[in-house]
Amino acid sequence: MKLEALFNAVIVKHGNIIVPDMGNEKNQTGEVISVGPGQNTLMGEFVKTISKVGDVVVLPTQGFTKLPYDGEEYWVGPENQILAKINK
């Protein structure tokens, strides 16, 4: 994989679409393909990321950046904006 997440970012490969109960917006789901190590807080404490490569997650309707790369569609954003992890 040539894409590598930095800091507290995650890169998610586009997957299914889940339609929420209310409204017309659609949340994206996909598989995490890269996770940054984490980042320092203002107080200097290092906070590690908890997402893992292979996790299937639900992304918010806003906040992640669409990234077309090498013929595939990816989403990149901060880990703390992931809405949910789908356990199989």
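**Entry 1: Glu72 and Lys13**

I started with Glu72, which forms a salt bridge with Lys13, the closest N and O atoms being 3.6 Å apart. By salt bridge I mean a side-chain nitrogen of Lys or Arg within 4 Å of a carboxyl oxygen of Asp or Glu. This is a predicted model, so I kept in mind that local features need pLDDT of at least 70 and side-chain atom pairs count only at pLDDT 80 or more, while totals for chains, interfaces and linings use all residues. I count residues from 1 along each chain as its sequence is written, and side-chain values use heavy atoms, without hydrogens and water.

Where do Glu72 and Lys13 lie? Glu72 is in strand S7 (residues 72–78) and Lys13 in strand S1 (residues 9–18), so the pair ties together parts 59 residues apart in sequence. Strands here are DSSP runs (E, at least two residues), numbered from the N terminus.

I then looked up accessibility: Glu72 is partly exposed at 36%, and Lys13 is partly exposed at 32%. My cut-offs were buried under 20% relative accessible area, exposed over 50%, and partly exposed in between (1.4 Å probe, protein chains only).

**Entry 2: Lys85 and Asp55**

Next I found Lys85 and Asp55 meeting in a salt bridge, 3.8 Å from N to O. Lys85 sits in strand S8 (residues 84–86) and Asp55 in the loop between strand S4 (46–48) and strand S5 (56–58), so this pair links parts 30 residues apart in sequence. Is Asp55 buried or exposed? Asp55 counts as buried, at 13%, whereas Lys85 is partly exposed, at 49%.

**Entry 3: Glu73 and Lys66**

I also noted a salt bridge between Glu73 and Lys66, at 3.5 Å from N to O. Glu73 is partly exposed at 27%, and Lys66 is partly exposed at 47%. My search of the whole structure gave three salt bridges.

Key: Helices (H or I, at least four residues) and strands (E, at least two) are DSSP runs, numbered from the N terminus.
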